[in-house]
Amino acid sequence: MKAIRGATQISENSEAAISRGIQELLVAILKANSLTTQDVISVLLTSTPDLTAAFPATGAREVGFGQIPLLGSVEVDVPGALARVIRVLLYVETELEKPQINHIYLHAAANLRRDIAQ
């Protein structure tokens, strides 16, 4: 079992933007790591406190994560933190070793972890 991280910044606090953003991120993580949803054990999703229009898990279910355990949470409201961010931590069954795992950070969220962002 391995863990894969990722994050994206959402364009606005709307149901459509949250759904598009989480779907884009999850699909990118699967593609970059040559995985399918059948390889995913579970997903932890967090969002910044300013994203209140929808649950990110709802968008995840729409791209094949419906049978996968999803747990959502709200990030700590740290002053000056990047706004409108969804973070994910996927637990997956894979033979990939740590140097081969691609952690995906999209849009302005790429600035969060330049050390591991692809």
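Asp, Glu, Lys and Arg count here as charged, Ala, Val, Leu, Ile, Met, Phe, Trp, Tyr, Cys and Pro as nonpolar, and the others, Gly among them, as polar. The legends below describe close-up views of a predicted model.

**View 1. The second largest pocket and its lining.** The second largest pocket has a volume of about 160 Å³. Its lining is divided by class into seven nonpolar residues, one polar residue and four charged residues. The residues that line this pocket are Thr-48, Pro-49, Asp-50, Glu-75, Val-76, Asp-77, Val-78, Ala-81, Leu-82, Ala-83, Arg-87 and Leu-112.

**View 2. The salt bridge between Glu-75 and Arg-87.** The structure contains one salt bridge. In this salt bridge the side chain of Glu-75 meets that of Arg-87, with an N to O distance of 3.7 Å. Because Glu-75 belongs to the loop between strand 3 and strand 4 whereas Arg-87 belongs to strand 4, the pair ties together parts that are twelve residues apart in sequence. Glu-75 is partly exposed, at 25% relative accessibility. Arg-87 is likewise partly exposed, with a relative accessible area of 25%.

**View 3. Strand 2 and its two pairing partners.** Strand 2 spans residues 40-47, and six of its eight residues are buried, so the strand is largely enclosed by the rest of the structure. Strand 2 pairs with strand 4 (residues 85-92) in the antiparallel sense, over seven bridges. Within strand 4, Ile-86 is the residue opposite Ser-47. Strand 2 also pairs with strand 3 (residues 70-74), in this case in the parallel sense and over five bridges. Gly-72 of strand 3 is the bridge partner of Leu-45. Between strand 2 and strand 3 the chain passes through helix 2 (residues 56-65), forming a right-handed β-α-β crossover.

**View 4. The largest pocket and the elements around it.** The volume of the largest pocket is about 200 Å³. The lining consists of Leu-45, Thr-46, Ser-47, Leu-51, Thr-52, Ala-54, Phe-55, Pro-56, Ala-57, Gly-72, Ser-73 and Val-74. Strand 2, helix 2 and strand 3 are the elements that each give two or more residues to this lining. The lining of the largest pocket comprises seven nonpolar residues and five polar residues, with no charged residues. Leu-45 and Gly-72, both among the lining residues, are bridge partners.

Technical notes
Residues are numbered from 1 along each chain as its sequence is written. This is a predicted model: local features need pLDDT of at least 70, side-chain atom pairs count only at pLDDT 80 or more; totals for chains, interfaces and linings use all residues. Side-chain values use heavy atoms; hydrogens and water are left out. Buried means under 20% relative accessible area, exposed over 50%, partly exposed in between (1.4 Å probe, protein chains only). Helices (H or I, at least four residues) and strands (E, at least two) are DSSP runs, numbered from the N terminus. Two strands pair if DSSP finds at least two bridges between them. A crossover is right-handed if, with the strands pointing away from the viewer, the path from the first strand over the helix to the second runs clockwise. On a 1 Å grid over the protein atoms alone, a cavity is a set of points where a 1.4 Å probe fits but cannot get out, and a pocket is an open set with protein on both sides within 12 Å along at least five of seven lines; lining residues have an atom within 4 Å of a point. Grid points are joined across faces, edges and corners, and a volume is the space filled by probe spheres set on the points. A salt bridge is a side-chain nitrogen of Lys or Arg within 4 Å of a carboxyl oxygen of Asp or Glu.
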